[in-house]
Amino acid sequence: MKKRILLFSLIITIAGIVLITLLYTGIFWQSRVADSERYLEIYSSVAEAELAESGVSQERVEAVSARLDGARVTVTDENAVILADSAGEHLIGQSRADRSEFAAAMESGEGSVTRESATLGTDMLYYCRALEVGGETCLLRVGVAMDSVFAVLGDALPTVVLCLALDILCCLLFSWIATGAVLRPVEALTREAALSGGRQVHTKYKELQPVAKMMNEMTAEIEDKVRRMREDRRLETLVLDSMEHGIVIFRDAEDVILINRTASRFLDYDAQGSLTAFAADAEVAAVLAAQEAATLYRERDGRDFSLRFTFNESICVLLITDVTESMAAARSKNEFIANVTHEMNTPLTSIRGFAELMAAGSLPPERAQHAAKTIIKQSDRLANLVKSIINFSQIDSDELPDEDVNLSELVREAASVFEPKLQKRSISFTLDVAENVKVRSRRERLFEIVNNLISNGVRYNRDGGTLAVTLTGGEEPVFTVRDTGIGIAEEDKERIFDRFYTVDKSHGGGGGGFGLGLAIVKKLCKRAGWVLSVESKLGEGTVFSVRFVRRERKA
Ligand code: ADP
């Protein structure tokens, strides 16, 4: 900027000086011509007087020229033919009608011109006028050497150049000092702004205060924007890191644009700093090479993950989702359907078998009653299965409001139903129920629990064994069914609560259940927040208990 200012002022100075020099040279030259013309008029008057007195001759003309300080004197006749010329006798008789000063004099009586003399070879100022000498009309021309305007300029040139050099020097010096003085505060302000690190900048110069103010405002604005961007970035990272899905956006294994904590952990990204190991996996490499949306499944630390790849131009977005639960649910659904089909198949086969025999007329009459009883029994079993399945699946959608249920009465009622069976199998039964125990739930749900546990206590008991049913009162009532039956092996303890799980498969088609009872009990307890527990020793007996933990539940 400094250099530009200097150059600019230099050009203006030089142009100014050159212009002024030319202008003044012109004016000076014009004034010299005017002066010389006045002199020549006086000279011509003197010459006229001299010649009028002595007549025109070469000697007289030369004498007059000498008197006029060597001015050239030429006398011609009225047609501009030289009669005498102080420049030399040899010119006599030559015509000067083509010279503009003579032409003007012939036309209007006088004329003057500045031009180079063809005779003398120098620049001359001529003044010419008509006069009467001895009754004859003559033309008298007086001329003095006169520098041309260029010669004048040439004379002045060394001085002009010197002045110009001095002027340039002064101009440079002044401009240097002036621009320095002007730019120094600006430079100081710029330096301060650069080193301020976001602090406010100040200047003592009034003219620069608006600039400083603007800089401070801009700095504040930029800082605000940067702060907001940082905050946005922090929130973005927070959101991404708190996502249970893993997300990675990358161009290639070495160029990862974004990766959140879950993905980083899954892909060991922090340890490696790149996705090279992951991209080396044959299936992953194939997906990345094809650049087409695809889903892969991987198992890690006992959990299942889906890896969904989508591509947008050259960018790949990878979404890692823990699908353990959904896969387990899908598996469980398939198992459930297979189990239901299996459980239905047994009674249906039996019913169909007898029906086919009847239809073919090949069933002996003595077996008809047995067949009918079997069909009824298997139909009941089918109906029970369907009822159990409906019961089980309805638990999730059961949104009926809770009420105070008298559990003491309910337990007594449920137990009484089993008395015939207990007697039949000589099982000694004890019932110890606290009075008026109330539980907040639905009667049908509590009945399912109590009925299933007592039923199992009877079913998996031994003939001649014992069965004790107790219900304690208090803040958290506990319902217990203790039997001295077949007991449950350690490895089966967890699984007996699974749907359709039965320890002894042989009883499935007979009088045993479908393996849904405990699954229903567990589901009901879980929903209500009650604690279901089992203690058992194989061959000795089992204790099931439900602790009715009180808690606020949504109606
Ligand atoms: P099921 O209708 O077959 O009884 P449950 O879900 O009620 O179905 O029980 C699942 C399995 O748990 C039973 O098949 C049985 O093997 C075992 N079981 C349940 N209760 C007892 C018990 N009191 N004593 C021994 N085994 C039991």
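Helices (H or I, at least four residues) and strands (E, at least two) are DSSP runs, numbered from the N terminus. The model on display is predicted, so local features need pLDDT of at least 70 and side-chain atom pairs count only at pLDDT 80 or more, whereas totals for chains, interfaces and linings use all residues. Residues are numbered from 1 along each chain as its sequence is written, and side-chain values use heavy atoms, with hydrogens and water left out.

**First stop: two loop residues**

Select D268, in the loop between α6 (261-267) and α7 (269-272). Its phi is near 55°, a positive value in a residue other than glycine. Most residues other than glycine have a negative phi. D268 has a relative accessible area of 36% and is therefore partly exposed; buried means under 20% relative accessible area, exposed over 50%, and partly exposed in between (1.4 Å probe, protein chains only).

Next select D69, in the loop between α2 (58-67) and β1 (72-77). The phi of D69 is also positive, near 65°. D69 counts as exposed because its relative accessibility is 70%.

**Second stop: the ligand**

Select the ligand and the residues around it. The shell holds 20 residues, of which N456, R459, Y460, G513 and L518 come nearest; a residue is near a molecule if one of its heavy atoms lies within 4 Å of it. By class, the shell divides into 10 nonpolar, eight polar and two charged residues. Here Ala, Val, Leu, Ile, Met, Phe, Trp, Tyr, Cys and Pro count as nonpolar, Asp, Glu, Lys and Arg as charged, and the others, Gly among them, as polar. Helix α14 (443-459), helix α15 (517-528) and strand β17 (541-547) each supply at least two residues of the shell.

Three side chains deserve a label. An N or O atom in the side chain of Y460 is 2.7 Å from an oxygen atom of the ligand. A nitrogen atom of the ligand is 3.0 Å from an N or O atom in the side chain of D483, and a nitrogen atom of the ligand is 3.4 Å from one in the side chain of T542. The protein covers 98% of the 530 Å² of accessible area that the ligand has on its own (Shrake-Rupley method, 1.4 Å probe; for residues, only the protein chains shown count as cover).

The whole structure contains 36 salt bridges, each a side-chain nitrogen of Lys or Arg within 4 Å of a carboxyl oxygen of Asp or Glu. Select R425 and D463, whose side chains meet in a salt bridge (2.6 Å, N to O). R425 lies in the loop between α13 (419-424) and β12 (428-433) and D463 in the loop between α14 and β14 (466-471), so the pair ties together parts that are 38 residues apart in sequence. D463 is exposed, with a relative accessible area of 58%, while R425 is partly exposed at 22%.

Move to D224 and R227, where the closest N and O atoms of the salt bridge are 2.4 Å apart. Both lie in helix α5 (residues 209-242), three residues apart, about one turn of the helix.

**Last stop: a buried serine**

Select S117, in the loop between β3 (110-116) and β4 (123-133). S117 counts as buried because its relative accessibility is 3%. Its side chain is joined to that of Y126 by a polar contact of 3.3 Å, that is, a pair of N or O atoms within 3.5 Å; within protein, one must be able to donate a hydrogen and the other to accept it, and residues adjacent in sequence count only if both atoms are side-chain atoms.
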